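This report describes the architecture of one protein chain.

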Amino acid sequence: MIYGYTRISTRTQNIERQIRNIRKAYPTAKIIQEIYTGTKTEGRKEFEKLLKIVEKGDTIVFDSVSRMSRNAEIGFKIYQKLYSDGIELVFLKEPHINTATYKKALSNNIQMTGTKTDIILKAVNEYLMELAKEQIFIAFEQSEKEVQDLHQRTKEGIETARLKGKQIGRKAGTKFDTKKSKNAKPLIKKYSKFFDGTLKDKEVIKLLGIAPNTYYKYKKELYEEKLQSENY
């Protein structure tokens, strides 16, 4: 069975590019889609399900190593576990660490000669295996570094904007008007006898069909706005 695992961090991102890339290389792949942010694999329900159902001989295809893990240690451990379980791993953007490539590197051992030279040859073989492992770990490290660099750039960008006097986020005490509040507030002012209307609170709540706590929240905000305008 061939699985294609795709992941995005938020719903605003587009997962179609990953799916398209996997489908192009493996048209019959069963696509697994996940929305999850963070560097750890815990909590990635779809990925955890996938790890439970894959069997020896199955293949998991990733658009890139970052889709599997952005934590070098965790990613490398998962890689080794799946490799030892006989699962083929394919990374479209990093084919040099595909399990098939890794397997080939480990199988290309220099043949022993039955002489003292074998001491050297054994050391060379062990070195080649360690080198192959190192390449895999480096790929996961690079993925982790990309996340760290992104966080750093974001932090620096916010600090630069702050130093230039730009407002980052909402000012303390400011209210965020949703579409719901924009629709409800004018009607509260129109119908509530607390403002310009003739209806009691319960009657306005029933008329607008909103929750009581929402109504009183909007009413409080309207009253504060009224006081501010009067004092201004």
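Predicted model: local features only at pLDDT ≥ 70, side-chain atom pairs only at ≥ 80, totals over all residues.

In soluble globular proteins, nonpolar side chains tend to be buried together.

Leaving aside residues up to four places away in sequence, Ile-60 touches Tyr-3, Tyr-5, Leu-50, Val-54, Leu-82, Ile-87, Glu-88, Leu-89 and Val-90.

Four strands form an open sheet in the order 2-1-3-4, with parallel pairing. Strand 2 and strand 4 are the edge strands, each pairing on one side only. On average, and with direction ignored, neighbouring strands of the sheet are turned by 20° against each other.

Strand 1 is mostly covered, since buried residues account for six of its seven. Strand 1 pairs with strand 2 in the parallel sense over six bridges, and in this pairing Arg-7 has Glu-34 of strand 2 as its bridge partner. From strand 1 the chain passes through helix 1 to strand 2, a β-α-β crossover that is right-handed.

Strand 1 also runs parallel to strand 3, to which four bridges join it. Here Gly-4 stands opposite Val-61 in strand 3. Strand 3 in turn pairs with strand 4, again in the parallel sense and over four bridges, and Val-61 stands opposite Val-90 in strand 4.

## Helices on the sheet

Helix 1 lies across strand 1, strand 2 and strand 3, and runs at about 160° to strand 1. Helix 2 packs on the sheet as well, where it touches strand 1, strand 2 and strand 3. The direction of helix 2 makes about 145° with that of strand 2.

Which residues of helix 1 (residues 16-25) are buried? They include Gln-18, Ile-19 and Ile-22. Viewed down the axis of helix 1, the buried residues fall within an arc of 95°, so they line one face of the helix. An α-helix has 3.6 residues a turn, so residues three or four places apart point the same way. The buried residues of helix 1 pack against strand 1, strand 2 (30-35), strand 3 and helix 3. Arg-20 and Lys-24, on the other side of helix 1, are exposed.

## A buried lysine

Lys-219 is found in helix 9 (residues 212-231). Is Lys-219 buried or exposed? Its relative accessible area is 14%, and because the cut-off for a buried residue is under 20%, Lys-219 counts as buried. Not counting residues up to four places away in sequence, Lys-219 touches Phe-194, Phe-195 and Asp-201.

Technical notes: Residues numbered from 1 in each chain as written. Heavy atoms only, no water. Helix = DSSP H or I, 4+ residues; strand = E, 2+ residues; numbered from the N terminus. Buried < 20%, exposed > 50% of the residue type's maximum accessible area, 1.4 Å probe, protein only. Contact = heavy atoms within 4.5 Å. Arc of directions from axis to C-beta. Pairing = 2+ DSSP bridges. Axes fitted to C-alpha atoms, helices over the stretch in contact; angles between N-to-C directions. Right-handed = clockwise from strand over helix to strand, strands pointing away.
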